[in-house]
Amino acid sequence: MTEPSPTPTLTPQFCFTTVALRDFLRISRGAIDDSITQNLNALVTPAKSGFDPASTSVRAPRAAPARQLDPQSCRAFKEKVLFPSWQARSDVLAYCAYVATSSDPDDPEVVLRDAETAKSRERVVDERLDPYSGRYFPREPRTEKLAQLLRQERSVEKIVRSRTWGLVEERCGNGSFQDAEAAFGQWQQGRKTPKP
């Protein structure tokens with residue numbers, strides 16, 4: 001069975017290094033969600049009776065519907081691989097959202113931004129000569145850039161989870177008709193309540 005994605009060491013520097021943040025999310029999604037069909041196929045127990053050559057004597061006009069998986073295997077996959085992987089990504093996104101909303105005293109561009117702002121105030125603008133001379137686009141602080149990236153990644157995460165959960169429901173067929181977020185929330189609640 002595939003291993004869930006380990007949560008990286010969470011530091012503000014990890015969040016501001018957007019390459020590292022995106023790589024973690026990409027690798028985690030690739031290992032579990034993007035290859036969900038292969039992961040679910042790995043749960044199928046091989047045939048007990050062996051290969052029957054007669055099964056190839058008749059050509060099937062269309063693909064057979066996907067076989068239902070063993071409920072125990074499905075539950076184990078969801079609880080030990082899928083949901084922990086989603087939790088690791090949720091933890092990273094939540095932490096980085098906290099970093100993005102906090103003040104950033106270590107922003108290396110703060111001095112440059114202040115200098116550009118002061119310079120723009122001193123400029124003499126004659127819009128009759130150049131109608132575009134009044135434009136000033138200040139640099140965004142890295143916290144705002146991080147917040148924008150996180151909004152995008154949360155949207156991607158929602159789509160990925162929805163697609164993955166649809167395939168899991170199709171193959172595991174427990175008939176709960178929950179959406180991905182409801183099932184994930186239920187799993188999180190089950191982890192919080194102590195078991196006797």
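This is a predicted model: local features need pLDDT of at least 70, side-chain atom pairs count only at pLDDT 80 or more; totals for chains, interfaces and linings use all residues.
Visitor: Why is F83 called buried?
Guide: Buried means under 20% relative accessible area, with a 1.4 Å probe and protein chains only. F83 has 5% relative accessibility, so F83 counts as buried. W187, at 13%, counts as buried too.

Visitor: Why is the pair of F184 and W187 called stacked?
Guide: Rings of Phe, Tyr and Trp (its six-membered ring) pair if their centres lie within 6.5 Å; planes under 30 degrees apart count as stacked, over 60 as edge-to-face and the rest as tilted. The centres of F184 and W187 are 5.9 Å apart and the planes are at 15°, so this pair is stacked. Both residues lie in helix α7, 3 residues apart.

Visitor: What makes F83 and W187 a tilted pair?
Guide: The centres are 5.5 Å apart, with 40° between the planes. F83 lies in helix α4 and W187 in helix α7, so the pair ties together parts that are 104 residues apart in sequence. Helices are DSSP runs of H or I, at least four residues, numbered from the N terminus.

Visitor: Which residues do ring pairs link into a cluster?
Guide: The cluster holds F83, W86, W165, F184 and W187.

Key:
Residues are numbered from 1 along each chain as its sequence is written. Side-chain values use heavy atoms; hydrogens and water are left out. Helices (H or I, at least four residues) and strands (E, at least two) are DSSP runs, numbered from the N terminus. Buried means under 20% relative accessible area, exposed over 50%, partly exposed in between (1.4 Å probe, protein chains only).
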